[in-house]
Amino acid sequence: MSQLSGPEVKSSDSLMLDYVKALGIISVVIGHYPGDPFLFFKPYVYHMPLFFFLGGVLLNTRRSLLSHSANLIKKHLSYIVMVYLLLALIFAILHQLYPIAYTSLWRGNVLDSVLYPIEQSFHGGSYFFVGWFLFAYAIVSLLCFIVVNVLVKALSSPTQVQAAVLMVALLLGYAGMDYVADLYQASKLFYLNLLAQVLVGSSFFLLGYAGKHLIMKHSGFYSFIAAFVLIYLMSQYDVLEPLVIAWSKYQVSFVFQTLTALAGIVAVFSIAKIIAHYQHIPLLKHIGQQSKPIMSYHILAFVLLDIIFSWFGLWDLHNTKALNHYYSEFTWPIYIGLGVAIPMCLHAAYQHTKHKLPLLTPKA
């Protein structure tokens with residue numbers, strides 16, 4: 001069995017990975033709110049590549065293909081459907097009560113309605129536009145699982161497997177950013193956008209798989225300094241650009257986009273490792289463990305805050321959209337803090353209710 005085949009994570013590293021998830025999901029929330037307090041570590045440079053990279057770090061190839069596929073359907077595809085429909089219902093109700101922007105997700109028939117979110121990268125009037133990531137991630141995880149297993153069986157040593165995975169990762173990233181993305185921008189065919197998403201996501205996923213031992217071992221103070229210097233230099237040469245994977249927009253070449261994303265990833269891992277070494281922060285750990293519901297419901301939290309500020313006459317709800325919310329000099333910490341806290345509270349309430357349901361069901 002290859003040493004690269006399992007997700008064996010030491011207990012001392014588990015806390016670090018929870019912190020990585022926490023810092024990553026906070027970056028996602030920050031990236032989706034107006035205003036950006038960061039001069040260099042801008043969330044859109046690294047936050048989505050970070051979660052694909054994490055998937056590679058945690059990939060478990062000891063499962064069977066059937067088990068891995070069933071897990072993806074349960075944890076991602078069924079979750080996407082449930083949250084998509086739930087948020088559609090919630091925002092349909094909110095639209096009846098308040099003049100927030102809303103587009104019906106019903107396209108006239110079942111097939112068109114099912115294809116609509118995929119064709120629109122989950123942005124077509126939906127406040128669950130992060131669904132594009134979960135959908136692409138499920139495909140990426142399955143594809144990379146197959147790729148890694150094929151390479152493990154075909155090659156004789158872990159070193160060869162690592163080198164081959166790294167090569168495939170770079171080839172997929174180049175094809176996605178510098179070729180397929182251009183085809184999509186020229187044609188606007190949705191399946192080319194999805195293909196570019198999967199190729200770029202697979203690139204970072206496989207980079208995470210190939211580099212997991214390296215980043216777990218060597219991230220820290222000096223790695224953070226190196227990442228900071230690299231990002232600073234990229235900004236000075238005007239090649240520090242966001243990776244808009246959802247819409248396959250890459251303003252600079254594959255090399256620069258990948259280097260800056262990896263620098264951001266290394267910086268996040270390094271900060272997480274330093275914090276984990278010196279202090280245990282239960283709240284930060286809990287945020288990391290709840291990254292999925294935070295990703296799913298933070299836009300809902302923003303809209304609820306918009307509604308509250310509208311009651312005080314500070315915001316016109318006609319202006320509320322998925323990525324447009326009330327902003328002033330004092331609202332940034334409110335929206336970011338509650339954008340994390342409200343989804344966690346909603347999830348806790350759901351879990352509590354789910355736990356209590358058997359008690360409410362009469363015994364036979």
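Visitor: In which helix does Cys 144 lie?
Guide: This is a predicted model. Cys 144 falls within residues 131-154 of the chain, and that stretch is helix α5.

Visitor: Is Cys 144 buried or exposed?
Guide: A residue counts as buried when its relative accessible area is under 20%. Cys 144 has a relative accessibility of 1%, so the residue is buried.

Visitor: Which residues is Cys 144 in contact with, leaving aside its neighbours within four places in sequence?
Guide: Cys 144 belongs to helix α5. With neighbours within four places in sequence set aside, its contacts are Leu 59, Ser 202, Phe 205 and Leu 206.

Visitor: How many helices and how many strands are there in the protein chain?
Guide: Read along the sequence, the pattern is α-α-α-α-α-α-α-α-α-α-α-α. The count for the protein chain is therefore twelve helices and zero strands.

Visitor: What is the radius of gyration of the protein chain, and how does it stand against the globule rule?
Guide: For 364 residues the globule rule gives 21 Å, and the value for this chain is close to that, so the chain is as compact as a globular protein of that length. Along its principal axes the C-alpha trace spans about 65 × 60 × 50 Å. The radius of gyration is 21 Å.

Visitor: What share of the contacts with a separation of 6 or more joins residues 24 or more positions apart?
Guide: Contact here means heavy atoms within 4.5 Å. Of the contacts in the protein chain with a separation of 6 or more, the share from residues 24 or more positions apart is 78%.

Visitor: What is the relative accessibility of Leu 54?
Guide: Leu 54 lies in helix α2, residues 43-57. Leaving aside neighbours within four places in sequence, Leu 54 is in contact with Leu 17, Val 20, Lys 21 and Phe 269. Leu 54 counts as buried, and its relative accessibility is 4%.

Visitor: How far apart in space are Ile 307 and Ala 263, C-alpha to C-alpha?
Guide: Ile 307 lies in helix α11, residues 291-311, and is buried. Its contacts, leaving aside neighbours within four places in sequence, are Leu 94, Tyr 98 and Leu 317. Ala 263 is 44 residues from Ile 307 in sequence, and the distance in space is 38 Å.

Visitor: Where is Asp 238 found?
Guide: Most residues other than glycine have a negative phi. Phi of Asp 238 is near 60°, a positive value. Asp 238 is found between residues 221-236 and 254-278, in the loop between α8 and α9.

Visitor: Is Ser 248 buried or exposed?
Guide: Ser 248 is also found in the loop between α8 and α9, and its phi is near 55°. Asp 238 is exposed, with a relative accessible area of 62%. Ser 248 has a relative accessibility of 1%, so Ser 248 is buried.

Conventions. Residues are numbered from 1 along each chain as its sequence is written. This is a predicted model: local features need pLDDT of at least 70, side-chain atom pairs count only at pLDDT 80 or more; totals for chains, interfaces and linings use all residues. Side-chain values use heavy atoms; hydrogens and water are left out. Helices (H or I, at least four residues) and strands (E, at least two) are DSSP runs, numbered from the N terminus. The radius of gyration is taken over C-alpha atoms; the globule rule is 2.2 Å times the number of residues to the power 0.38. Buried means under 20% relative accessible area, exposed over 50%, partly exposed in between (1.4 Å probe, protein chains only).
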